[in-house]
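Here is a short report for a first look at a protein model. It covers the overall build, then the salt bridges.

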Amino acid sequence: MKYRFGYYDGICNTVQMAACPLLGSNQVGYEPTCYARNIEVRSALIFQMATLIIDIIALFMTVIMIFHIRSKYTAVGRKEMVLFFYLYFLMTVLDFITISGIIPISSVVYPYFVAGYLGLTSAMCWCLMLNGFIGFQWAEDGTAASLWTFRLSSLLIFGVMYFVSIATFKNIGALSKAHPIGLFIVYFIFNPFCLLVYVVLQIILVVNTLDEYWPLGNICFALVFFIIGQVIQIFLSNKICEGIKHYVDGVFFGTICTLLSVMMVYKYWDSITKEDLEFSVGGKGNVWEVKELLPEDDEFGLFAGQAANTVGHAGVSFANTGSVYGGQGYPQQQQQYQQQPQQPHYQQQAYPPY
């Protein structure tokens, strides 16, 4: 089947997509030539079981990434980036519902769930693109202006894609499911364009502002995983399905690649953002290390060698002793001093918390 601009017939004959049964000139819609096996659970057919397992893993990993992003209290763009992962979480939930058969294709609500899935996909791509501008300080991150720009514009993109999808499925106005040009442009041109803009912006940001280029590896991996996933789904799904005897198809590998791509976006953001340790919450106290001891023949040299895992004044911690400084006690010694010894002088160097 040849791929034609503005038509889904070639794509839907290769890969199983949620929108395919709702498109085409007939009532049945498009069906893939080869697709993964279904399983029966209590008289109910479950489609794409292997893909559903990946979706569950994706939901679990997204929760972990959201938790870590929210815990970086002073990181730049924290609130804006977490919105992207919220959208990815919701999109994965709708993907799980639409491809599994939980809502039958014949159901009257199925088109609305598919439209929601497509709308969240576009809103997620748009949100990620806006995150690409955060590093250029077009607006101060975390402020009401920045957050509401993200929220309202993402909601607008979601609404536009939702309307285009429903209008295409229902043949409203100039939009037709026989020739879904509007849906095709938004899904296959607008969404990749947003992702490409984000990648270009991050390359410019890293090259111009950072001292090291290691974060570029993360963003390049994200781009490579996404491209591989789309190529497998759109062009190689039938060959994979036939070669593995219908156990999985291109949707399975495409979902894995999408998850890996999102994880690399998180890894990239985490690698270029640092917390202000002075204002971070829940951080460990400063750790001090004895770098040079006093000579052993010094009157108080014996204390210098016993600097321990002990917390004294100002939270200073030492290693390898059970003594407690700060007036609470001293190591047990045979000789008692009439005069309280002065605190030994040794060079201390502070290290940031791990």
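## Salt bridges and overall build

D9 is buried, with a relative accessible area of 10%. Buried means under 20% relative accessible area, exposed means over 50%, and partly exposed lies in between (1.4 Å probe, protein chains only). This is a predicted model: local features need pLDDT of at least 70, side-chain atom pairs count only at pLDDT 80 or more, and totals for chains, interfaces and linings use all residues. Residues are numbered from 1 along each chain as its sequence is written, and side-chain values use heavy atoms, leaving out hydrogens and water.

D9 pairs with R4 in a salt bridge. That term means a side-chain nitrogen of Lys or Arg within 4 Å of a carboxyl oxygen of Asp or Glu. R4 is partly exposed, at 43% relative accessible area.

How many salt bridges does a search of the whole structure find? It finds two.

| Salt bridge | Closest N and O atoms |
|---|---|
| D9 and R4 | 2.6 Å |
| K72 and D270 | 3.1 Å |

K72 lies in the loop between helix 2 (49-71) and helix 3 (78-100), and D270 in helix 9 (residues 250-272), so the pair ties together parts that are 198 residues apart in sequence. K72 is buried, at 11% relative accessible area. D270 is partly exposed, at 27%.

Now the whole protein. It has ten helices and four strands. These are DSSP runs numbered from the N terminus: helices (H or I) have at least four residues, strands (E) at least two. Of the 354 residues, 44% are buried.
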